[in-house]
Amino acid sequence: MTDYTPTPADKFTFGLWTVGQTGRDPFGEATRRGFSAPDIVRKLAELGAYGVNFHDNDLVPIDASAAERDRIANDFRAALNDTGLVVPMATTNLFSDPAFKDGAFTSADARVRAYALQKTMQAMDLGAEFGAQTYVFWGGREGTEVDGSGKLLDALGWFRDSLDFLAQYSQDQGYNYRFALEPKPNEPRGDIFLPTVGSALGFIATLKQPELFGVNPEFAHETMAGLSFPHAIAQAIDAGKLFHIDLNDQKMGRFDQDLRFGAENLKGAFFTVKLLEDSGYAGPRHFDAHALRTEDAEGVWTFARGCMRTYLILKDKVAQFNVDPEIQAALQAYRVQDAELEALSQGYTPEKARGLKNRSFDRSALGQRGPGLEHLDQLTVEVLLGVRGSAPLRTPRAQTEVGA
Ligand code: GLT
Ligand code: MN
Ligand code: MN
């Protein structure tokens with residue numbers, strides 16, 4: 001018997017930059033002090049997380065000496081060894097330093113592009129030192145405000161050359177990373193290249209080693225674009241390209257809020273968990289979110305516990321949905337099967353084409369069937385509201401508050 005307390009088997013991860021976020025935003029200073037990397041590792045382990053991810057400069061300041069780098073890496077390694085927390089993913093900060101203000105791999109300045117490659121190779125070395133297997137590319141500054149610069153086509157070419165170069169570097173070093181492109185439509189640039197999961201999937205097909213590349217979709221980013229996150233990850237799963245995932249929440253049409261998972265759009269969160277669980281996605285469930293700026297240190301850990309707890313509750317709701325007899329009956333009623341027509345429609349042959357063209361269909365009857373989606377959706381809402389029959393598969397601790 002278990003409650004909604006996570007264990008490493010649940011594969012929950014956080015970035016150092018997420019729980020380490022200090023509340024700074026474009027309009028105001030930090031509202032809390034943040035934590036050292038080893039303190040984050042210890043606290044996440046205590047909460048039941050599986051791993052921690054980082055940008056090179058979350059761990060090692062950009063201007064650190066070689067000796068400082070080694071000392072920081074050793075302290076971090078000691079905390080990982082003490083706790084058993086792992087580092088499944090690493091990435092590069094190619095957005096904070098003014099050198100990258102007009103792009104990194106897509107800068108019009110060849111020197112910046114070369115420096116971006118150098119910095120990324122060093123960050124890949126650092127990630128590999130801690131066993132990272134997935135390498136994320138979030139192109140925060142890869143975009144424009146001024147399309148008169150005329151670089152739209154060149155930028156995609158530069159981006160492609162850089163990714164091809166880095167994939168080869170990874171192979172040569174024996175790192176064998178799997179690379180995950182993380183799309184975002186805008187912020188901090190007016191328009192960011194490869195703005196959606198669909199754009200990234202299309203671009204991957206143009207790379208030299210497309211099999212090494214997948215996507216790292218983020219709930220907030222697809223939502224900012226006005227798109228459905230479950231639809232985006234379904235397409236990534238279908239393409240065999242869901243290499244990693246950034247879970248959080250977001251109101252449509254706002255700035256990148258990075259809210260606690262499930263804080264805003266519970267139905268979207270539910271179908272996200274359902275797709276991950278039902279498809280057998282085996283990667284980390286990474287929360288790329290941060291506590292509200294209003295919160296103090298304790299609020300940060302309440303936020304982290306809440307992300308994991310909500311995921312586990314929704315996972316239970318998915319299990320309940322999948323065995324609920326009324327829901328299963330509604331799902332069955334929704335699909336109309338016709339073995340003969342399905343056989344005719346699959347696997348083209350000239351005979352099947354002729355056969356189909358000669359069939360007559362009762363168009364008016366086809367248009368009259370009510371598929372029962374109102375009923376199905378109401379049942380889903382009732383599962384989420386907790387008013388449908390069967391007891392949860394896990395037994396929540398009595399009287400336990402979210403995050404308590
Ligand atoms: C940054 C961004 C995130 C990315 C991170 C990885 S950094 O916080 O908002 O969505 O996943 O580079
Ligand atoms: Mn975000
Ligand atoms: Mn992200």
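## Starting at the ligand

In this predicted model, begin by selecting ligand 1, which sits in the largest pocket. Next, show the residues around ligand 1, which are Trp-17, His-55, Phe-95, Trp-138, Glu-182, Glu-218, His-221, Asp-246, Asp-256 and Asp-288.

At Trp-17, an N or O atom of the side chain is 3.4 Å from an oxygen atom of ligand 1. At His-55, a side-chain N or O atom is 2.7 Å from an oxygen atom of ligand 1, and at Glu-218 a polar side-chain atom lies 2.8 Å from an oxygen atom of the ligand. Taken on its own, ligand 1 has 320 Å² of accessible area, and the protein covers 91% of it.

Now select Asn-53, which has its place in strand E2, a strand made up of residues 51–55. Is Asn-53 buried or exposed? Asn-53 counts as buried because its relative accessibility is 0%, where the cut-off for buried is under 20%.

Which residues is Asn-53 in contact with, once its neighbours within four places in sequence are left aside? They are Thr-13, Phe-14, Gly-15, Leu-16, Trp-17, Pro-88, Met-89, His-244 and His-286. To end the tour, select Trp-17, which is among these contacts of Asn-53 and is also one of the residues around ligand 1.

Note on methods: Residues are numbered from 1 along each chain as its sequence is written. Chains are lettered from A and ligands numbered from 1 in the order in which they are written. This is a predicted model: local features need pLDDT of at least 70, side-chain atom pairs count only at pLDDT 80 or more; totals for chains, interfaces and linings use all residues. Side-chain values use heavy atoms; hydrogens and water are left out. Helices (H or I, at least four residues) and strands (E, at least two) are DSSP runs, numbered from the N terminus. Buried means under 20% relative accessible area, exposed over 50%, partly exposed in between (1.4 Å probe, protein chains only). Contact means heavy atoms within 4.5 Å. A residue is near a molecule or strand if one of its heavy atoms lies within 4 Å of it. A polar contact is a pair of N or O atoms within 3.5 Å; within protein, one must be able to donate a hydrogen and the other to accept it, and residues adjacent in sequence count only if both atoms are side-chain atoms. Accessible areas come from the Shrake-Rupley method with a 1.4 Å probe; for residues, only the protein chains shown count as cover. On a 1 Å grid over the protein atoms alone, a cavity is a set of points where a 1.4 Å probe fits but cannot get out, and a pocket is an open set with protein on both sides within 12 Å along at least five of seven lines; lining residues have an atom within 4 Å of a point. A molecule sits in a cavity or pocket if more than half of its atoms lie within 2 Å of its grid points.
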